[in-house]
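Subject: Structure handover

Hello,

Here is the structure for your work. My notes on salt bridges, ring pairs and cavities follow below it.

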Amino acid sequence: MASLGLLLRVLGLVLCGAASLGLSAPTAPTSKEPIIGILMQTCHNENMKILGKYYIAASYVKYLESAGARVVPVRLDLKDEEYEKLFKSINGILFPGGSVDLMNSGYAHVAKIFYKLAIQGFGNGDYFPTWGTCLGFEELTYLVSGESLLTLTDTVGIKMPLNFTRGPLQSRMFQNFPADLLLSLAIEPLTANFHKWSLSVKNFTMNEKLKAFFNILTTNTDGSIEFISTMEAILQLKYVLQTTAKSVTDIQENTFLSKYIDEVTVRVFRPQIAGGKWSI
């Protein structure tokens, strides 16, 4: 993993050349509004059941819409052909955080359907971005590896800076991040952890399927176990985050960071016409 000193030297170079390289601001938005599916979850709490059978945390809807996307709820009780039709009608899907079984739940079943459709689409030259946060991170690691590789960590209600690997500026996720925000992420506790299960670096490196599929972008540690907090697919457009940089502190810098992450997330899904096919 990259040391803070190395990251500071790299960011110093980026700061000097940010204006000419175009790294200090997001790329200009297109006129198209991506349509993003958000996987729903079953209401287990009795108070929530009064309101309906399924739910989506409002925060996911609001942050996607605030960055210019339109949101479609993905129910858990549709037929396979209905999921295939929906897959062809949206520009990507977000697997949100929550608390359900990764192998035997409606969430897991539908996530597997969209994961397989995305893999098939990629083989046919179509791109279907898949973004997993927290529970979604854990679900995607299970779908790729075919194993339960999560480890218990002391990471509930903890704020941390990110430990960047050596390739964040080459990643699709971080390559256009403003240098000052990257630096803040590296030295300030701007990301919040609300999970007790993590994918350790050790378990990742011991699994050939995960190593062939993902690049690790950031890690963290609870003091004894080093775990992965951000990674992206090497070829396909899949992003997984175990932490969140939203609503952590009241400083102005985090407001900019939160807004920028909103925009980056939506830009992943924003479609452009290229040779008659959707691409990113």
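Glutamate 46 is exposed, with a relative accessible area of 55%. The scale runs as follows: buried is under 20% relative accessible area, exposed is over 50%, and partly exposed is in between, with a 1.4 Å probe and protein chains only. Lysine 49 is partly exposed at 43%. Glutamate 46 and lysine 49 form a salt bridge, with the closest N and O atoms 3.5 Å apart. The term means a side-chain nitrogen of Lys or Arg within 4 Å of a carboxyl oxygen of Asp or Glu. Both residues sit in helix H2 (residues 46-49), three residues apart, so about one helical turn separates them. Helices (H or I, at least four residues) and strands (E, at least two) are DSSP runs, numbered from the N terminus.

Before the rest, the ground rules. This is a predicted model, in which local features need pLDDT of at least 70, side-chain atom pairs count only at pLDDT 80 or more, and totals for chains, interfaces and linings use all residues. Residues are numbered from 1 along each chain as its sequence is written, and side-chain values use heavy atoms, with hydrogens and water left out.

**Other salt bridges**

The structure holds four salt bridges. One of them joins the side chains of glutamate 33 and arginine 70, at 3.5 Å from N to O. Glutamate 33 lies in the loop between helix H1 (4-21) and strand E1 (35-39), and arginine 70 lies in strand E4 (residues 70-74), so the pair ties together parts 37 residues apart in sequence. Glutamate 33 is partly exposed at 45% relative accessibility. Arginine 70 is partly exposed too, at 44%.

Arginine 75 pairs with aspartate 77 in another salt bridge, with 2.7 Å between the closest N and O atoms. Arginine 75 is partly exposed at 38%. Aspartate 77 is partly exposed at 37%.

**Aromatic pairs**

There are nine aromatic pairs. Rings of Phe, Tyr and Trp (its six-membered ring) pair if their centres lie within 6.5 Å; planes under 30 degrees apart count as stacked, over 60 as edge-to-face, and the rest as tilted.

Tyrosine 60 and tyrosine 63 make a tilted pair, at 6.3 Å centre to centre and 50 degrees between the planes. They are three residues apart in helix H3 (residues 58-66), so about one helical turn lies between them. Tyrosine 60 and tyrosine 63 are both buried.

Phenylalanine 87 and phenylalanine 114 are also tilted, at 6.5 Å and 50 degrees. This pair links distant parts of the chain: phenylalanine 87 is in helix H4 (residues 80-87), phenylalanine 114 is in helix H5 (residues 106-123), and 27 residues separate them. Phenylalanine 87 is buried at 14% relative accessible area. Phenylalanine 114 is buried at 0%. Ring pairs also join Tyr83, Phe87, Phe114 and Phe128 into a cluster.

**Cavities**

Two cavities reach 30 Å³ or more. On a 1 Å grid over the protein atoms alone, a cavity is a set of points where a 1.4 Å probe fits but cannot get out; lining residues have an atom within 4 Å of a point. Volume is the space filled by probe spheres set on the points.

The largest cavity holds about 60 Å³. Its lining includes Leu102, Met103, Glu138, Tyr142 and Leu199. Helix H6 (residues 135-145) gives the most to that lining, with four residues.

Regards

How values were computed. On a 1 Å grid over the protein atoms alone, a cavity is a set of points where a 1.4 Å probe fits but cannot get out, and a pocket is an open set with protein on both sides within 12 Å along at least five of seven lines; lining residues have an atom within 4 Å of a point.
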